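Good morning, colleagues. Please look at the structure on the screen while I go through its salt bridges.

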Amino acid sequence: MRITELLTKDTILLAMKAKTKEEAIDHLVDVLVAADRIDDREGFKAAIVNREQQSTTGVGEGIAIPHAKTKSVKQPTIVFGKSVEGVDYESLDGQPAHLFFMIAAPEGANNTHLEALARLSGMLMQAEIRNQLMEATSANEVIEIINNHDEEEENETVVSDSKNF
């Protein structure tokens, strides 16, 4: 599964104006509504907020990955949002979040959202990728950055797997 199967041009928000965690969640959920990926805005938002109450998804290094699995989701989707100013997202390292990846998974779906979460987390550990995403000025650039690094991870997996045979 490639991340760009879930992240598309219509689910990219390059200029988030959010000042608070709640506003950031609202902006990202609004993208899902506009892209017609959810059918119950408030239900999905409640699922995201509930997940945040368990523990923050502000993972540090300027990244937040809010996620929920709920019947409100029509199709698995990732929303990318970027805030140049940063948002206090109650991140684990106490630093503001600048890069947001909201994962929306339908209830009863397989573990697509967990696979996407794991792939994104691994990719975003690299400062080079975070910097490229911060400098991106178009949805096409964001897609290209993710695709380029997603391919690298796939190739690395193939190489390491072939050594075991």
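This is a predicted model: local features need pLDDT of at least 70, side-chain atom pairs count only at pLDDT 80 or more; totals for chains, interfaces and linings use all residues.

K21 is buried, because its relative accessibility is 11% and the cut-off for burial is under 20%.

Which residues does K21 pair with? One partner is E90: the two form a salt bridge in which the closest N and O atoms are 3.1 Å apart. That pair links distant parts of the chain, since K21 belongs to helix α1 while E90 sits in the loop between β5 (77–87) and β6 (97–106), 69 residues away.

Another partner of K21 is E52, and here the side chains meet in a salt bridge with an N to O distance of 2.9 Å. Is E52 buried or exposed? E52 is buried, as its relative accessible area is 8%.

I now turn to another pair. The side chains of R130 and E61 are joined by a salt bridge, 3.2 Å from N to O. R130 lies in helix α4 (residues 127–135) and E61 in the loop between β2 (58–60) and β3 (63–64), so this contact ties together parts of the chain that are 69 residues apart in sequence. The two residues fall into separate accessibility classes: R130 counts as buried at 12%, whereas E61 counts as partly exposed at 49%.

Beyond individual pairs, there is also a network. Salt bridges with shared partners connect E22, D26, D30, R41, E42 and K45 into one network. How many salt bridges does the structure hold? The total is twelve.

Finally, a word on the start of the chain. M1 is placed in the segment before β1 (12–13). M1 counts as partly exposed, because its relative accessibility is 29%. In space, the C-alpha atoms of M1 and E115 are 8.3 Å apart, although the two residues are separated by 114 residues in sequence.

Thank you for your attention.

How values were computed: Residues are numbered from 1 along each chain as its sequence is written. Side-chain values use heavy atoms; hydrogens and water are left out. A salt bridge is a side-chain nitrogen of Lys or Arg within 4 Å of a carboxyl oxygen of Asp or Glu. Buried means under 20% relative accessible area, exposed over 50%, partly exposed in between (1.4 Å probe, protein chains only). Helices (H or I, at least four residues) and strands (E, at least two) are DSSP runs, numbered from the N terminus.
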